[in-house]
Amino acid sequence: MGDVRLQDGWYVNERCTNCDVARQLAPGLIGEVGGRSAVLRRPSGETELRQIHAAAHACHTRAIRPAAGRLDTAQDPFPLALDDAVSLCGHNSPHNAGANSYLLRRPDGTAMLVDTPRWSTALAARYAALGPVTDVLLTHRDHAAHGRGYADRLGARLWIHEGDLDAAPDADRVLRGTDPAEIADGVIAHPLPGHTKGSVLFVADERYCFSGDSFYWSRGTGDIEVAESVTWYSIRELAASLARTAARLRFEWLLPGHGDRRHLPADDMAERMRRLAVRTRELRPRPVDFTAVRW
């Protein structure tokens with residue numbers, strides 16, 4: 001299939017991998033058509049123009065293009081504030097499976113990266129200009145490609161779990177076992193083997209849950225879901241992890257690597273996590289199938 005264009009407007013080219021990132025950032029403008037993203041209509045007004053520029057600058061294959069073909073760097077909105085403490089980094093990397101990454105600001109003026117965007121010295125300088133970045137937290141092996149580069153450039157510590165250590169063997173800090181660990185004031189690491197052996201959740205201030213690929217918000221189901229069709233290690237281990245961990249978690253923001261984000265009251269999130277743990281116990285191993293993910 002060739003480029004899908006709107007005459008004199010934006011289009012999505014054949015590099016699209018149907019990862020859903022653009023649809024998260026430009027809902028109603030970009031939708032799924034024939035198993036990939038497509039521009040549904042021209043953006044109208046400043047808000048929609050900002051949304052489609054955000055989608056284009058986040059896309060890991062740079063498949064979203066204006067009619068002129070070249071993206072306008074002056075319209076790059078990233079890091080894009082989600083609230084006063086967390087920003088979405090954008091610039092998703094093809095070497096990190098196209099995953100979202102986040103910048104978490106701390107009360108003392110420092111910040112942490114949770115997973116990373118594509119590697120760029122300019123992007124690293126952009127984060128450094130916002131204040132000291134003390135840590136790069138890797139949720140799991142699939143998102144580890146640029147961790148060392150950002151940690152070195154920013155003078156930060158690189159974290160990973162021992163279960164995925166071969167993806168970042170030069171990490172500065174290694175999480176071990178399955179017990180929660182406080183890695184900084186107000187920031188708790190919850191090992192959650194399942195998607196991979198070394199998957200980890202990072203929860204900050206009982207407000208933000210950076211879930212990696214362990215679970216996400218599905219617009220299709222209107223609930224928190226696990227990517228049962230893309231579980232590399234063990235769906236049964238993921239069920240055991242959720243059974244052990246779900247009741248301990250307290251958060252308002254769900255911030256995954258893949259799948260949509262969601263902000264809800266903490267009690268609502270807690271009940272949804274309880275139900276997710278119950279549902280996941282009923283799942284059985286299945287072949288990996290990216291097309292079966294319920295975005």
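Analyst: Happy to! Let us begin with a definition: a residue counts as buried when its relative accessible area is under 20%, as exposed when that area is over 50%, and as partly exposed in between. With that cut-off, 57% of the 295 residues of the protein count as buried. Please keep in mind that this is a predicted model.

User: What share of the contacts with a separation of 6 or more comes from residues 24 or more positions apart?

Analyst: Such pairs account for 57% of those contacts. As for the surface, the protein exposes about 12,500 Å², and carbon and sulfur atoms supply 49% of that area.

User: How many positive and negative side chains are there?

Analyst: There are 37 positive and 38 negative ones, and the centres of the two sets lie 3 Å apart. Side chains of opposite charge can pair when their charged atoms come close. In this structure there are 26 salt bridges.

User: Why is the pair of Arg 219 and Asp 20 called a salt bridge?

Analyst: The cut-off is a side-chain nitrogen of Lys or Arg within 4 Å of a carboxyl oxygen of Asp or Glu. The closest N and O atoms of Arg 219 and Asp 20 are 2.6 Å apart, so the pair meets the cut-off of 4 Å. The partners come from distant parts of the chain, 199 residues apart: Arg 219 is in the loop between strand 17 and strand 18, and Asp 20 is in the loop between strand 2 and helix 1.

User: What makes the phi of Asp 20 worth a look?

Analyst: Most residues other than glycine have a negative phi, and most peptide bonds are trans. Asp 20 has a phi near 85°, a positive value in a residue other than glycine. Arg 62 also has a positive phi, near 50°. Arg 62 is found in the loop between helix 2 and strand 5, and is buried, with a relative accessible area of 17%.

User: Which peptide bond is cis, and how do you know?

Analyst: The bond from Phe 78 to Pro 79 is cis, with omega near 0°. Pro 79 sits in the loop between strand 5 and strand 6.

User: How do you know that Asp 172 and Arg 148 form a salt bridge?

Analyst: Their side chains meet at 3.0 Å, N to O, and that is within 4 Å, so the pair qualifies. Asp 172 lies in the loop between strand 11 and strand 12 and Arg 148 in helix 4, so the pair ties together parts that are 24 residues apart in sequence. Arg 148 counts as buried at 18% relative accessibility, whereas Asp 172, at 35%, is partly exposed.

User: Why does the pair of Arg 294 and Glu 228 count too?

Analyst: The closest N and O atoms are 3.6 Å apart, again within 4 Å, so this pair is a salt bridge as well. Arg 294 lies in the segment after helix 6 and Glu 228 in the loop between strand 18 and helix 5, so parts that are 66 residues apart in sequence are tied together. Arg 294 is partly exposed at 36%, while Glu 228 counts as buried at 19%. Both residues belong to one network of salt bridges that share partners, with Asp 223 and Arg 272 also among its members.

User: Where is Arg 272, and is Arg 272 buried or exposed?

Analyst: Arg 272 is in helix 6. At 15% relative accessibility, Arg 272 is under the 20% cut-off, so Arg 272 counts as buried. Leaving aside neighbours within four places in sequence, Arg 272 is in contact with Trp 217, Gly 222, Asp 223, Ile 224 and Leu 264.

Conventions. Residues numbered from 1 in each chain as written. Predicted model: local features only at pLDDT ≥ 70, side-chain atom pairs only at ≥ 80, totals over all residues. Heavy atoms only, no water. Buried < 20%, exposed > 50% of the residue type's maximum accessible area, 1.4 Å probe, protein only. Contact = heavy atoms within 4.5 Å. Areas by Shrake-Rupley, 256 points an atom, 1.4 Å probe, with all protein chains shown as cover. Lys, Arg positive; Asp, Glu negative; His and termini not counted. Charge placed at Lys NZ, Arg CZ, Asp CG, Glu CD. Helix = DSSP H or I, 4+ residues; strand = E, 2+ residues; numbered from the N terminus.
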